Amino acid sequence: MTEPERDQTAKDSAQARLVAVVIAVTMLGWLGFQWVGGQYDLPPKYAFLADLAAIAAMIWSLVVTWRIWRRRNAPSQR
């Protein structure tokens, strides 16, 4: 493996770890907010806001994961 390939693999691994952290924090935060909202009878608009934030984080994670996958399967690396 050449040096640029090793650098790209390291960058991809770091991004994959970031995606994993974002997914975990998003789910824990979303579940926590849903629980807190139920305990304190927060208006539904706040639940929808939390839902939209969680959806945005999941879409970002999906896009970044797809880009990592595309880079790793690029024809130039075969």
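1. Phe33 counts as partly exposed, at 31% relative accessibility. The term covers values in between two cut-offs: buried is under 20% relative accessible area and exposed is over 50%, with a 1.4 Å probe and protein chains only. Phe33 lies in helix 1. Helices here are DSSP runs of H or I with at least four residues, strands are runs of E with at least two, and both are numbered from the N terminus.

2. Some notes on the source come next. This is a predicted model, in which local features need pLDDT of at least 70 and side-chain atom pairs count only at pLDDT 80 or more, while totals for chains, interfaces and linings use all residues. Residues are numbered from 1 along each chain as its sequence is written, and side-chain values use heavy atoms, with hydrogens and water left out.

3. Phe33 belongs to a nonpolar surface patch of about 730 Å², together with Trp35, Val36, Tyr40, Leu42, Tyr46 and Leu49. Patch members have over 30% relative accessible area and no salt bridge; nonpolar side chains (Val, Leu, Ile, Met, Phe, Trp, Tyr) are joined within 5 Å, and like charges within 9 Å. The accessible areas come from the Shrake-Rupley method with a 1.4 Å probe, and for residues only the protein chains shown count as cover. Helix 1 gives the largest share of the patch, three residues. Helix 1 and helix 2 each supply at least two of its residues.

4. The structure holds three salt bridges. A salt bridge is a side-chain nitrogen of Lys or Arg within 4 Å of a carboxyl oxygen of Asp or Glu. In general, side chains of opposite charge can pair when their charged atoms come close.

5. One of the salt bridges joins Glu3 and Arg6, whose closest N and O atoms are 2.9 Å apart. Both residues are in helix 1 (residues 3-39), and because they are three residues apart there, about one helical turn separates them. Glu3 is partly exposed at 46% relative accessibility, and Arg6 is partly exposed at 44%.

6. Another salt bridge is formed by the side chains of Arg71 and Asp12, at 2.9 Å from N to O. This pair links distant parts of the chain, with Arg71 in helix 2 (residues 44-72) and Asp12 in helix 1, 59 residues apart. Arg71 is partly exposed, with a relative accessible area of 25%, whereas Asp12 is buried, with 2%.

7. Asp12 also meets the side chain of Arg72 in a salt bridge, at 3.9 Å from N to O. Arg72 lies in helix 2 and Asp12 in helix 1, so this pair ties together parts that are 60 residues apart in sequence. Arg72 has a relative accessible area of 43% and is partly exposed. Through shared partners, the salt bridges join Asp12, Arg71 and Arg72 into one network.

8. Is Ser61 buried or exposed? Ser61 is buried, with a relative accessible area of 2%, and lies in helix 2. Leaving aside residues up to four places away in sequence, Ser61 touches Val19, Val22 and Ile23. Contact here means heavy atoms within 4.5 Å.

9. Ala20 is found in helix 1 and is partly exposed, with a relative accessible area of 46%. Ala20 and Trp69 are 49 residues apart along the chain, and 14 Å separates their C-alpha atoms.
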